[in-house]
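Colleague: I have not looked at this one before. Can you walk me through it?

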Amino acid sequence: MKVCVLLRLVPDLVEELEISENEVVPFQYIPNERDEHAIEEAIVLKEKLKDVTLDVVGIADPDSADEIDEGLGFAAAKGADKLYKVILNRQTFSRVEIAKALADFLNDRGYSLILTGVQAIDSFAGSLGGALARFLNLPYIGGAVELNLNEKLYVKKELEGGISAEYRLPLPAVVGVLSAERPLSFVPFTKLRQAMKRAEIEEVELEVPKISGVELVRYETPPEPDVLMLEGDVEEVADRIVEVLRDISVI
Amino acid sequence: MEIEEMLENLFKRMEEVPDYEKFFQCIQCGVCGGSCPYSTGTVFTPRRMVLAIRAGIVNEVIESFSHWLCSSCFTCSLRCPSRVPITDAVIPALRELSLLQGNPPEELASALISIARYGNPFKKSPRKRDDWTKEVEFEVPLMAKKKSAEVMFLTGCYGAYHSRCRKITKSLAKIMHMIGTDFAILGNEERCIGDLARLNGEFGLFEELAEKNIRTFSKYSFSKIVTHDAHAYNALIREYTKFGFGKEVLHHTQFLHKNLERLKEMFNSLDYTVTYHDSCYVGRRNGIYEEPREVIRSIPKLKFVEMKRNRENALCCGGGSGIWLDSVIKERVKYRPAESRVKEAFSVGADILVTACPLDVPMFEDALKVTDLEGKLEIMDISELVLNAIEG
């Protein structure tokens, strides 16, 4: 059985974007945590079923192409069999367009199961998995916390109010993983270095097509706040504050 | 991992530590277990760990979690009549097996991943490492600008990021500034020195950090490193030498002692009673006992009292390699050494418990809160005490 996991990069929120008059210090990218959980769950599935081949597809832009290597290295150290680095050539950040490009890439590769993180911090709509399934004409379920296979795929999901539910769907399918059924396993540095030395990463460039249907009408900046700057010495400013507070009926 | 593979990995790693062969000279006397602050909570005391490894049942040690209940205090290693390197070889090699199996305690895993990614265990931006310099009223010189200085002041991760420990860093920087030391910091170029990663079995990460840090050091001209981070001091003098680093390194207790004549001229009298806690990697591991005591005793009017467990018999604060394992240890052992230690300091009549390792201060301050000693006993780093004496 062939399983594929998609691994995206997201901005690292530990670093702040620094903008000065002379330069913009860029933030770094790190693997999307939900995708790391998808890889972990695929490893769990591999341990359960033994005959699973796991491919991990790292998705990057030309400027973050090197940064995906570490995430792929971690996947290899955990037990991924084949690694792809997909570099997107795109004009927009539409997940639907990326899903179409990925669907064209993944189609006919014989995957029984395609996993992705249900969400990414830069895309709360969580549309990648669903859109991908639509383009591949496969069933999709998001929010998985455990996967089991017994002829069909059994997916456990946590619902509102502490209720959990189990769903059954035929393969092939696309699943959006919320979290793996165990904590992310730790990869020591030595093991990571060895895996990165050994790993053969197949690099692929993907053209991201323009898709009509949903059009961006406009971007809107937030309205300018009504700010009143009070200047002068303490007495003047205090008098002015009283005046303003009276005007707006606070006092 | 099969047992044979585990044993092979374990011995391969232990062989790298000097005096590793003394492992085979263990006479099973049990002094180690009797000396361990956490022995009551562990199935495998160090003696039993050695026995289990010899018997080929290392998997049982790993499954028991006993190897994580060690704060690397070095008491067992120091007291061992056969000098088995328990703290430097046996425990880290056992921990490495858990890391290779992918399941260390979560709190520790998170700290190690953060060190690898950001150069500190707190998941903080490396660009904010020198933020503490904005909180002092003089300009702290940067090596990147100055290029050359007599002293390179290493803050360590706790000294740079931990809100309480930053006060210690600022005190020491202020003292250096006041006595005219020609010093500079690496600032945002500094990365974790890595001693706690090593003691927790993350040898690959430690090597990476050592190589990176030594490359950074080599960009600048300086004659010595001064640090108040006891674990950074330990790694620099004992481990970094294996990677070709050879500069003089002073712990801040030694630095203050070397400048004592100058400091004495600036001291005002302090009407306190203080006691001194020998931090594990200042005292027991590296033999610095008298320098801090001489500095403390030279402050006019200050009354100095010893605790019963002093010098090599000092009780560990529980920090060490355990500061990231604190909650894990607490689940298994009710007794917390830091609580016992602050009670001991209070019982000898001290107003202030003076320490010389940044890990001690938050450990002891937390202990004050649960022992009802808050407001009755104060915790200070030696540099804070010295600054108090200067400023009166």
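Modeller: One definition to begin with: a nonpolar core is a set of buried Ala, Val, Leu, Ile, Met, Phe, Trp, Tyr and Cys residues joined through C-beta atoms within 7 Å. Keep in mind that this is a predicted model.

Colleague: Fine. Which residues touch the most other members of the largest nonpolar core?

Modeller: A:Val5, A:Val56, B:Val90 and B:Phe364 do, in a core of 183 residues. In soluble globular proteins, nonpolar side chains tend to be buried together.

Colleague: And which helix gives the largest share of this core?

Modeller: Helix H6 of chain B, residues 86-100, with eight residues.

Colleague: What is A:Val56 in contact with, leaving aside its neighbours within four places in sequence?

Modeller: A:Val5, A:Leu7, A:Ile39, A:Leu72, A:Ala75, A:Ala80 and A:Leu83.

Colleague: How far is B:Ala89 from B:Lys134?

Modeller: Their C-alpha atoms are separated by 41 Å, and the two residues are 45 apart along the chain.

Colleague: Switching to strands. How many residues of strand E7 of chain A are buried?

Modeller: Five of its five, residues 113-117, so the strand is mostly covered. In a regular strand the side chains alternate between the two faces of the sheet. Here A:Leu113, A:Leu115 and A:Gly117 point one way from E7(A), while A:Ile114 and A:Thr116 point the other way.

Colleague: Which strands does E7(A) pair with?

Modeller: Strand E1 of chain A, residues 2-11, pairs with E7(A) in the parallel sense over three bridges. A:Cys4 has A:Ile114 as its bridge partner in E7(A). E7(A) also runs parallel to E11(A), and five bridges join them. There, A:Leu113 has A:Ala173 as its bridge partner.

Colleague: What about the loop between E10 and E11 of chain A, what is in it?

Modeller: A:Pro172 is placed in that loop, between strand E10 (164-169) and strand E11 (173-177). A cis peptide bond joins A:Leu171 to A:Pro172, with omega about 0°.

Colleague: Why is helix H3 of chain B called largely enclosed by the rest of the structure?

Modeller: Because seven of the nine residues of H3(B), residues 46-54, are buried. They are B:Pro46, B:Arg47, B:Arg48, B:Met49, B:Val50, B:Ala52 and B:Ile53. Their cover includes helices H1 (3-14), H2 (31-35), H4, H5 and H6 of chain B. Just after H3(B), B:Gly56 takes a positive phi of about 75°.

Colleague: Now helix packing. At what angle do H18 and H19 of chain B cross?

Modeller: At roughly 80°, and the axes come within 8 Å. H18(B) and H19(B) are therefore roughly perpendicular to each other. Their contact includes B:Ala338 and B:Val342 of H18(B), and B:Phe364 and B:Leu368 of H19(B). The residues of this contact divide into seven nonpolar, no polar and three charged.

Colleague: And between the chains, how many residues does the contact take from each?

Modeller: Twelve from chain A and 18 from chain B. The chain A side has six nonpolar, two polar and four charged residues.

Technical notes
Residues are numbered from 1 along each chain as its sequence is written. Chains are lettered from A and ligands numbered from 1 in the order in which they are written. This is a predicted model: local features need pLDDT of at least 70, side-chain atom pairs count only at pLDDT 80 or more; totals for chains, interfaces and linings use all residues. Two residues are in contact if their C-beta atoms, placed from the backbone, lie within 7 Å. Ala, Val, Leu, Ile, Met, Phe, Trp, Tyr, Cys and Pro count as nonpolar, Asp, Glu, Lys and Arg as charged, and the others, Gly among them, as polar. Helices (H or I, at least four residues) and strands (E, at least two) are DSSP runs, numbered from the N terminus. Axes are lines fitted to C-alpha atoms, for helices over the stretch in contact, and angles run from 0 to 180 degrees between N-to-C directions. Angles under 35 degrees count as roughly parallel, over 145 as roughly antiparallel, 65 to 115 as roughly perpendicular and the rest as oblique. A residue is buried if 20 or more other C-beta atoms lie within 10 Å of its own, exposed if 12 or fewer, and partly exposed in between; C-beta atoms are placed from the backbone. Two strands pair if DSSP finds at least two bridges between them.
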